[in-house]
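The exercises below each set a task and then work through it step by step. Have the sequence and the model open while you read.

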Amino acid sequence: MLLRQATMADLPQIESIIRDGRELLAAQAIDQWQGAYPNTAVLVDDIHQGWTVVLEENNEILGTAALIPGEDPTYKQIDGQWLTKQAPYLAIHRVAVSSHHHGRGLAGELFQRLFAQIDHADAIESIRIDTHPQNMAMQHIIKKSGFSETGKIDLTAAGMPGTTDFAYERLTVNAKPVHLAATQAVH
C-alpha cells in the first residue's frame, strides 16, 4: 500500500468512495454527509490545494482524507478544551474508505501512514479531527488511533449551522510542552 498526494486523475475514485461513505451513513440513519457536503467543488479544491491524500494499492484507491494546515474556523470555539493552545496543527477532514474493502482496517492503516508522515513535519505539533456523535465506527477508529476526545464543536463556520460534532486531538512527536494545555478535559 502507498499513501500519496491525490491528483485530479483520482477525482472519480475519490468521489465514488465519498458516495459510498454517504450511502453507508444513510443506511445507519446517521445524518452526516446527507446534504450537499462534501460535494465535487470541495473535493476539487482539496486536490488543488494539495490537501488530499489517497491510500492506494494496485492502482486502486482504497481510502482518502484531506489534511488541512492552518487554523480551522470550526475549531476556534470548543465546548471542552484542546490538548494544545496556540500550536500549529493539521485538521483531518473527509476521511473515507472504499466500501469494497470494508473490514480490512483501512481507516486505521490510513491514519497510521498519515501519522508517520506528519511526525516528520517538525512544525506540526498536533492533529485535530471531528465526527458526528452517531458515527460510532469513526469514533472507534479515531480513539483507537490515539486521539483524545476534547469536547464538542459547532459546525456553523463550515456552513452547517445547528450541527455539533465530537472533537478529538492527537499530539505529534513534535509537540512542545509550552503549547500543551494546563488541564486536558475529556468528555
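A residue counts as buried when its relative accessible area is under 20%, as exposed when it is over 50%, and as partly exposed in between. The model used throughout is a predicted one.

**Exercise 1. Decide whether F115 is buried or exposed, and list what it touches.**

Step 1. Locate the residue: F115 is in helix α3.

Step 2. Compare its accessibility with the cut-off. F115 has a relative accessibility of 2%, so it counts as buried.

Step 3. Set aside residues up to four places away in sequence. F115 then touches I127, S145, F147 and R170.

Step 4. Check a distance along the chain against one in space. F115 and S126 are separated by 11 residues in sequence, and their C-alpha atoms are 9.9 Å apart.

**Exercise 2. Describe the largest nonpolar core and find which element gives the most to it.**

Step 1. Take the size: the largest nonpolar core has 25 residues.

Step 2. Pick out the residues with the most contacts inside this core. They are A65, I92, V95, F111, L114, I129 and F147.

Step 3. Assign the core to elements. At least two of its residues come from each of β2, β3, β5, α3 (106–118), β6 (126–131), α4 (136–144) and β8 (164–171).

Step 4. Find the main contributor: α3 gives the most, with seven residues.

Step 5. Follow one member, F111. Leaving aside neighbours within four places in sequence, F111 is in contact with I92, V95, I129, I141, I142 and S145.

Step 6. Look beyond this core. Another core lies apart from it and has 13 residues, including I14, I17, W33 and I47.

**Exercise 3. Compare Q13 and Q139: in which helix is each, and is each buried, partly exposed or exposed?**

Step 1. Q13 belongs to helix α1, and Q139 to helix α4.

Step 2. Apply the cut-offs. Q13 has a relative accessible area of 31%, so it is partly exposed. Q139 has a relative accessible area of 6%, so it is buried.

Step 3. List the contacts of Q13, leaving out neighbours within four places in sequence: they are N59, E60 and I61. A polar atom of the Q13 side chain lies 2.9 Å from the backbone nitrogen of I61.

**Exercise 4. Find the residues with a positive phi, and the cis peptide bond.**

Step 1. Start with N58, which is not a glycine but has a positive phi of about 50°. N58 sits in the loop between β2 (52–57) and β3 (60–69). Its relative accessible area is 73%, so N58 is exposed.

Step 2. Go on to R94, also a residue other than glycine, with phi near 55°. R94 is in strand β5 (residues 89–97). With 12% relative accessibility, R94 counts as buried.

Step 3. Turn to the cis bond. The peptide bond between Y37 and P38 is cis, with omega about -10°. P38 is in the loop between α1 (11–27) and α2 (40–49).

**Exercise 5. State how many cavities of 30 Å³ or more there are, and describe what lines the largest.**

Step 1. Count: the structure holds one such cavity of 30 Å³ or more.

Step 2. Give the volume of the largest cavity, which is about 50 Å³.

Step 3. Name the lining: I14, I18, L43, D46, I47, T52, T64, A65, A66 and R94.

Step 4. Sort the lining by element. Each of α1, α2 and β3 supplies at least two residues.

Step 5. Sort it by class: six residues are nonpolar, two polar and two charged.

**Exercise 6. Describe the second largest pocket by volume and lining.**

Step 1. The volume of the second largest pocket is about 260 Å³.

Step 2. Its lining has 16 residues, of which K85, Q86, A87, Y89 and R128 are the closest to the centre.

Step 3. By class, the lining of this pocket has eight nonpolar, four polar and four charged residues.

Note on methods: Residues numbered from 1 in each chain as written. Predicted model: local features only at pLDDT ≥ 70, side-chain atom pairs only at ≥ 80, totals over all residues. Heavy atoms only, no water. Helix = DSSP H or I, 4+ residues; strand = E, 2+ residues; numbered from the N terminus. Buried < 20%, exposed > 50% of the residue type's maximum accessible area, 1.4 Å probe, protein only. Core = buried A, V, L, I, M, F, W, Y, C linked by side-chain atoms within 4.5 Å. Contact = heavy atoms within 4.5 Å. 1 Å grid on protein atoms, 1.4 Å probe; cavity = no way out; pocket = protein on both sides within 12 Å on 5 of 7 lines; lining within 4 Å. Points joined across faces, edges and corners; volume = space filled by probe spheres on them. Nonpolar A, V, L, I, M, F, W, Y, C, P; charged D, E, K, R; others polar. Polar contact = N/O pair within 3.5 Å; in protein donor to acceptor, adjacent residues only side chain to side chain.
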